[in-house]
Amino acid sequence: MAPLMDYAAPSPRELDRIEVETGSGCHAGAERMSAEAAANGKSALLEGLAKDYPVGPHDQPQSMCPAFGSLRVGLRMRRTATILSGSACCVYGLTFTSHFYGAKRSVGYVPFNSETLVTGKLFEDIRDAVHEIADPALYDAVVVTNLCVPTASGVPLQLLPKEINGVRIVGIDVPGFGVPTHAEAKDVLAGAMLGYARREAEAGPVAAPRDRSDRPSIALLGEMFPVDPVMIGQMLEPMGLAAGPVVPTREWRELYAALDCAAVAAIHPFYTASIREFEGAGRPVVGSAPVGADGTAAWLDSIGETCGIAAAKTAAAKNLFLPAIRGALAAMPIKGRVTVSGYEGSELLVARLLIESGADVPYVGTACPRTRWSDPDREWLEARGVRIQYRASLEQDLAAVEEYRPDLAIGTTPVVQHAKAKGVPALYSTNLISARPLMGPAGAGSLATVVNAAIAGKDRMAAMKHFFEGVGEGHAAGQWQDLPVDRPDFKARYAAKRLAAAKAEQAVGS
């Protein structure tokens, strides 16, 4: 029987054994694993990832394992099976997190050890697992994902059959040393699926989508709050257009409908691989999004010009929706200074909406890269004095909180923690900001309630900070009769020993 199974948590001893045998895991070092991947035939893959998802000025943003992004895309699709190939600890963490975020199906796992990894038996095990699970009665596609160690070891997923019994097989590599963020990993899988679907459509007739408008459609690129596509569709209707599928899609046949669009709206502008597939299909791409009054007006103009819509129809759409947006913004103003940071890719859009709501936004940090599709948002923000940091590091986001002393900090968990420790109100961007509509009249004012409530709590934050004053931090955290003495000399000594041991281990393995 093929070694495909629902994943069960390994024992700590088993984790240690696999780590030692394979030299694997996130701690093996990005440079070392990249070099191994290149030596094992993955140099073209790494060059492509570096081109699609450039890093710098530092190595890459501090974010969760990027494979979580592609895993979520596959688990959200109907009739799609997912198989992971990677270190046991990585698979455990990814499956735990995916189920924490509501995945309702099993994740396949093909385990390995040093022997199966080195001899090539791991690839055979993956191939057997794919053949076992490829049941056309259950699935349209099977997604197989190499994590860091199989990628570094050169496991050739491209040699898997392209289809088995009519079930599509999509193999991707999502190594943490090649894909900077989980947001971009979504594009790795979405782009691979679009490429597969495009080749199918070019070869002959394909399955029709469940719902298909009789009007030209605008494909929407990037995950967004469920109300936003509906709102965009309403704004496009006076122009004789319809909102197409959201990519990443929820089922395979929606990929065909997405490709069969009049234009693509790059709501999230870093989906490089997906944009390449759309452009290969001859579809034009429009940046930015209908956020706020200025953003909506400019976006509708761009869509109308790209799709050849009569100026009168575009003007009708603007006349219908812009007054409602301005009214909603005026009814729910935001007063205060706000710094924005995050890794979802919508940070620039959030900043635009905050500014149009009346907020002072001096800094926006995003873990995602700068692309030409984000230029409209960047130019609008910079014209208003906003400092934008693409590929922002945690240190840069924290420094912005210190520099600007905002009334509210929007950011990732460590940014929120740092701000609150300083007595500054803060909101976690993923759960409290990204989980709200941003587009059109529905988005106008949607942030005001939570943002104003948080800013209003500034006195309460100050009272809490005063109450806990003197509790201690770092080595002195907690309340003590005799305050512990910090011993930095011990830390330095053991840090030197760990560094020497790591260098010795690396020398043995080279």
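Me: Which residues line the second largest cavity?

Reply: Happy to start there. This is a predicted model, in which local features need pLDDT of at least 70 and side-chain atom pairs count only at pLDDT 80 or more, while totals for chains, interfaces and linings use all residues. Residues are numbered from 1 along each chain as its sequence is written, and side-chain values use heavy atoms, with hydrogens and water left out. On a 1 Å grid over the protein atoms alone, a cavity is a set of points where a 1.4 Å probe fits but cannot get out, and lining residues have an atom within 4 Å of a point. Here the lining consists of Val340, Ser341, Ser346, Glu347, Val350, Ile410, Ser429, Ile433 and Ser434.

Me: Which elements each supply at least two residues of that lining?

Reply: Helices (H or I, at least four residues) and strands (E, at least two) are DSSP runs, numbered from the N terminus. For the second largest cavity, they are β11 (337-342), α14 (347-356) and α18 (429-433).

Me: What volume does the largest cavity have?

Reply: About 100 Å³. Its lining includes Ile267, Phe270, Cys368 and Asp377, and divides into 8 nonpolar, 3 polar and 1 charged.

Me: And how is a pocket read?

Reply: A pocket is an open set of points with protein on both sides within 12 Å along at least five of seven lines. The second largest pocket holds about 780 Å³. Of its 27 lining residues, Leu45, Gly171, Ile172, Val188 and Ala192 are the closest to its centre. Helix α2 gives the largest share of that lining, 7 residues.

Me: In what order do the strands of the open sheet come?

Reply: Two strands pair if DSSP finds at least two bridges between them. Four strands follow the order β8-β7-β9-β10, with parallel pairing. At the edges are β8 (242-247) and β10 (285-286), each pairing on one side only. Strand β7 (residues 217-221) is joined to β8 by 4 bridges, and Leu221 stands opposite Val247 in β8.

Notes: Grid points are joined across faces, edges and corners, and a volume is the space filled by probe spheres set on the points. Ala, Val, Leu, Ile, Met, Phe, Trp, Tyr, Cys and Pro count as nonpolar, Asp, Glu, Lys and Arg as charged, and the others, Gly among them, as polar.
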